[in-house]
Amino acid sequence: MKSAVTLLTRVRLLRVLVLCAFSSAVAATTVATPEVRGNLIITGSDTLAALVSDWADAFVDVEPGVTIEIQAMGSASAPPALTAGSANLGSMSRQMTRSELDSFFQQRGWLPTAVPIAVDTIAIIVHPDNPLESITLDDLDSIYSANHACSGKAATHWADLGVAPALGALPVERYGRTSISGTYGFFRERALCRGDFAAGVNALPGSAAVVSAVSQIPTAIGYTSMGFITDQVKVLPIVSGRDTSRVQNYDADGSVYPLSRTLWFYLAFDPQQPPPRLECAFLQFIASTRGRELLRDGGFEPVDSLRSKVDGALTLAEICNDDA
Amino acid sequence: MTMRSVFDIGVSFVVRATSVLVLCAVVGMFVQMVFVAWPLTQSVKVTPLADAQNNIIASERTPDWVPHSDLLPAWRESIMGRVWLREDSDGAISGAISPSMDAAEQWVSLRFNAPEIPLSVLFIDSTQRWLVAVANDGRYRMASLRMDAVEWGNIERIKPFDYHAIGGANETLLFAAARSVRQYHLLKTAGSLYPELVLARTWQVSERILGLAAAPESQRVLILAGPQSIELWNATAQQRIAQKALAEPMEGIGWIDQHHFYAEAARNQQRRVWKVEGNTDAITLASLFTPVQYLGYPEPSQVWQTSSVGKGQEQKFGLTPLLFGSMKAALIAMLVALPCAVGAAFFVGFFMSNRARNRIKPIIELLEAIPTVVLAAVAAVWLAPIFLLVLPELFFATITAVLGIPVASALWRFAPASLHGSRYHGLLPLLLIPVILLLIAAGVLLGGYVEQQWMSGSLTVWLHEQFHVDLVHLNGLLVGIAMGIAVIPGIFSLAEDAVYSVPRHAAEGSLALGASRWRSFRDVILPLAWPGVISAVAIGAGRALGETMIVLMISGNTPILDWSPLTGMRTISATLAIELPETAFSSVHYQILFFAALLLFFITFLFNSLAEVLRLRMRKRFRVLAS
């Protein structure tokens with residue numbers, strides 16, 4: 001039994017090779033009845049690359065007749081690939097834009113189907129003894145940024161955030177991820193107005209390391225994927241400051257958490273036709289217990305715990321249970 | 001030929017073959033690194049495309065965003081991001097913001113005025129927070145798009161200009177007047193509601209500028225300098241990266257995509273197209289090691305920030321902080337390791353009895369068996385969180401131990417004569433262990449007392465209030481201690497060998513003449529052994545420079561330029577470990593990482609060569625001594 005997961009991801013090749021070797025060893029022990037066959041090509045998001053390749057490995061173990069190719073060149077690469085028919089699934093960390101939908105429609109005569117698959121949420125954490133109750137996006141920029149593109153000012157000590165002495169006199173020790181992490185890029189885009197991280201931000205090689213450091217250091221603040229939170233740290237809510245971004249706060253009442261985004265799969269299939277078996281099998285696997293486990297391991301949240309609303313998206317059942 | 005000699009020949013062949021292989025491997029690695037980094041030295045190539053290709057490429061590129069014609073029939077300004085704009089016939093600017101990607105149907109219409117200014121630039125920055133309107137005479141206004149009501153800021157003024165271009169993924173505005181190009185960026189200062197257009201960079205070209213165009217998603221700027229010359233500049237480096245003389249005079253220039261540009265004799269006439277290849281990032285030794293003016297920064301700085309948000313954002317390749325970090329980590333580690341390792345080597349190699357030496361030496365060398373990742377994990381999980389709490393104790397324990405041991409030795413003279421017998425001589429150090437433990441305990445108590453009494457209970461608060469010194473948990477001292485422990489056994493082992501291998505009869509002579517053991521060591525053994533000791537130190541330093549796991553896990557990977565041992569650092573080795581697996585093959589970033597690797601290789605190679613030269617010299621001396 002040989003799982004052939006061809007990975008064209010330029011970056012995670014080594015890790016995936018190890019994964020492949022490992023998963024074929026696991027696959028040998030599982031008894032599977034092959035139901036679907038074929039080649040699935042998934043193109044798109046960088047952020048989702050690791051998760052999608054984990055899903056793909058696990059799915060191929062269950063369905064050995066399937067081969068999966070992953071190309072992770074960024075969300076923008078998904079719509080053209082779907083339009084041209086060179087990908088079955090497009091993974092995106094945003095929804096398709098109007099012009100992307102337009103050009104898809106012009107080519108194919110119908111619209112692609114969007115399936116929300118995961119929520120990527122960044123939590124701001126501090127030590128449990130920290131008296132701070134909430135934080136603003138501008139504060140985060142003051143703390144983490146080198147050039148303070150959002151806020152225009154720096155916050156180096158806890159007193160700058162309005163914390164009373166003892167802790168107020170101490171420096172804010174900033175923890176975060178290394179530049180290769182999707183969390184890093186997402187935080188930088190949303191909280192730092194695309195500015196640079198300050199050189200003094202401690203870049204740790206894993207989310208769990210950030211949580212562990214913050215749980216032990218009273219002067220620390222950290223950002224991490226929601227999936228890694230433990231009860232050893234205090235999660236700070238983000239409140240709207242004077243200058244809270246309206247571009248990112250989609251709802252009129254501003255109730256949407258600004259450091260959260262939904263990640264999507266786009267399917268290209270004619271709504272008049274029966275749903276594609278292979279794609280649906282893969283989506284159903286994602287929704288299964290094992291799929292959710294992998295999702296949480298990757299630091300994401302399942303969609304049903306989603307706090308922001310997902311407009312007009314069809315549920316998996318609605319898409320795939322079309323027997324007519 | 002006996003079996004034995006056949007065996008000997010075989011073994012010697014294998015030994016020679018492997019040493020040649022190792023040499024080949026080292027040379028091969030070097031060649032590979034140079035090969036990967038080599039494209040950085042290549043100059044930019046600009047090649048004209050043949051006519052047949054012109055038509056294909058010159059056909060209009062579809063923009064990323066097109067106005068939705070049903071909704072907005074009258075809009076004529078270009079679109080950047082999610083905000084649509086137009087200038088109405090009465091001079092007012094109106095716009096619409098698509099409030100959400102999730103709800104593309106909901107449009108919020110905005111109307112705001114920019115009276116009396118004939119606009120030439122209408123520009124939205126990449127974060128889509130600021131709308132900038134610039135008039136030909138250099139007056140500009142700025143509006144915030146994040147507030148519910150869009151309001152204009154004051155009219156400010158930059159220098160008048162003839163041409164403008166929007167470049168580098170909408171982060172910057174370029175203006176040209178006469179022979180100079182000026183690049184402005186948005187800078188927000190504390191307290192001000194609106195950012196300002198601030199001059200970031202400026203440079204001169206040889207001829208009067210007749211056209212200006214910035215390549216999409218990059219810092220490449222095309223300039224029509226006089227009617228018959230095209231210059232290609234890299235704005236970040238402020239360097240001309242290519243120049244092309246034109247056969248016939250041209251009027252307009254522009255980009256087709258990132259790598260193709262055109263020139264046209266008159267508007268929409270026959271275009272000529274060129275292709276740009278090569279090192280357009282204009283990476284030079286100067287740009288790697290000296291401060292560079294980046295967009296969004298108030299002054300030139302040395303920054304290592306290799307990832308970018310959105311396409312076209314400047315990548316910042318300042319290698320100085322990394323090189324500095326490697327040096328700093330190694331230096332602090334050596335300061336920790338050197339006294340311990342060399343002191344122990346002197347003692348074990350000369351003063352200790354053979355019997356004790358045979359037991360102690362393997363124990364210290366056993367330390368080397370601990371994988372550095374284990375050391376790093378222990379330091380990260382256990383030591384780092386409590387490091388600042390125990391710092392006063394650590395400090396005073398070091399002081400009491402260092403000062404107390406000589407005092408204890410002096411007191412030893414008054415010990416009863418029966419204890420001084422040679423029987424115990426080799427075991428003397430064991431007697432020192434309880435003394436050291438006592439001294440450390442005293443130091444810990446003293447540290448706790450001093451912190452309570454004089455520093456009002458917290459060293460960190462006290463240091464901040466008294467000296468404005470901030471302590472952070474992941475700092476150079478922590479790295480120094482962990483890495484020091486990692487390199488101590490190596491230095492100790494080699495330095496001890498150097499001391500021990502000095503022929504004994506050299507010291508015996510001076511001892512026989514009545515010199516004390518210390519005197520014999522200082523004046524006879526040390527002058528012979530020092531090249532070996534220095535060589536051991538050099539090898540230790542080389543190892544500290546290349547050490548990866550410890551710095552990766554506990555240095556914080558902060559690329560700052562600060563000699564203080566109380567701040568962190570980011571080393572070349574840790575950067576390679578973090579970034580290399582995720583960097584696009586043959587990108588400039590990849591090439592620079594390999595250049596950094598080459599640099600590291602070169603420095604450790606220097607240290608190891610020094611060690612080898614010194615060792616050879618020591619051997620020669622011994623040979624003279626033996627004859």
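Over the ring of which residue does the charged end of Arg357(B) sit? In this predicted model, the ring is that of Tyr500(B), and the charged end of Arg357(B) lies 3.5 Å from its centre. Another contact of this kind involves Lys316(B), which lies over the face of Tyr294(B) at 5.7 Å from the ring centre.

**Aromatic pairs**

A pair of aromatic rings is described by the distance of the centres and the angle of the planes. Searching the whole structure gives 31 aromatic pairs over all chains. In one of them, the ring centres of Tyr144(A) and Tyr223(A) are 5.5 Å apart and the ring planes stand at 75°; the pair is therefore edge-to-face, since planes over 60 degrees apart count as such. Tyr144(A) has a relative accessibility of 0% and counts as buried. Tyr223(A) is likewise buried, with a relative accessible area of 0%.

A pair in chain B is formed by Phe324(B) and Trp563(B), whose ring centres lie 4.4 Å apart with the planes at 55°, so that the pair is tilted. Phe324(B) is located in helix α4 (residues 320–351) of chain B, whereas Trp563(B) is in the loop between α12 (549–554) and α13 (572–579) of chain B; the two are 239 residues apart. Is Phe324(B) buried or exposed? With a relative accessible area of 13%, Phe324(B) is buried, because the limit for this class is under 20%. Trp563(B), by contrast, counts as exposed at 52% relative accessibility.

The two pairs are set out below.

| Ring pair | Distance between centres | Angle between planes | Class |
|---|---|---|---|
| Tyr144(A) and Tyr223(A) | 5.5 Å | 75° | edge-to-face |
| Phe324(B) and Trp563(B) | 4.4 Å | 55° | tilted |

Ring pairs also build a cluster in chain B, which links Phe346(B), Phe347(B), Phe350(B), Phe351(B), Trp518(B) and Phe521(B).

**A sheet in chain B**

Strands of a sheet pair through backbone hydrogen bonds, either parallel or antiparallel. In chain B, four strands make up an open sheet in the order β13-β14-β15-β16, and their pairing is antiparallel. Its edge strands are β13 (209–214) and β16 (239–245) of chain B, each of which pairs on one side only. On average, neighbouring strands of this sheet are turned by 20° against each other, direction ignored. Between β13(B) and strand β14 (residues 220–225) of chain B, which run antiparallel, there are five bridges. Gly211(B) has Leu224(B) of β14(B) opposite it.

**A position in helix α7**

Ile436(B) is part of helix α7 (residues 428–454) of chain B. This residue counts as partly exposed, at 27% relative accessibility.

**Cavities**

Seven cavities of 30 Å³ or more are present in the structure. The volume of the largest cavity is about 350 Å³. Which residues lie nearest the centre of the largest cavity? They are Ala149(A), Cys193(A), Glu171(B), Leu186(B) and Gly296(B), out of 24 residues that line this cavity. Strand β11 (residues 180–187) of chain B supplies three residues, the largest share of that lining.

Technical notes:
Residues are numbered from 1 along each chain as its sequence is written. Chains are lettered from A and ligands numbered from 1 in the order in which they are written. This is a predicted model: local features need pLDDT of at least 70, side-chain atom pairs count only at pLDDT 80 or more; totals for chains, interfaces and linings use all residues. Side-chain values use heavy atoms; hydrogens and water are left out. Two strands pair if DSSP finds at least two bridges between them. Axes are lines fitted to C-alpha atoms, for helices over the stretch in contact, and angles run from 0 to 180 degrees between N-to-C directions. Rings of Phe, Tyr and Trp (its six-membered ring) pair if their centres lie within 6.5 Å; planes under 30 degrees apart count as stacked, over 60 as edge-to-face and the rest as tilted. Buried means under 20% relative accessible area, exposed over 50%, partly exposed in between (1.4 Å probe, protein chains only). A charge sits over a ring if NZ of Lys or CZ of Arg is within 6 Å of the ring centre and within 35 degrees of the ring normal. On a 1 Å grid over the protein atoms alone, a cavity is a set of points where a 1.4 Å probe fits but cannot get out, and a pocket is an open set with protein on both sides within 12 Å along at least five of seven lines; lining residues have an atom within 4 Å of a point. Grid points are joined across faces, edges and corners, and a volume is the space filled by probe spheres set on the points.
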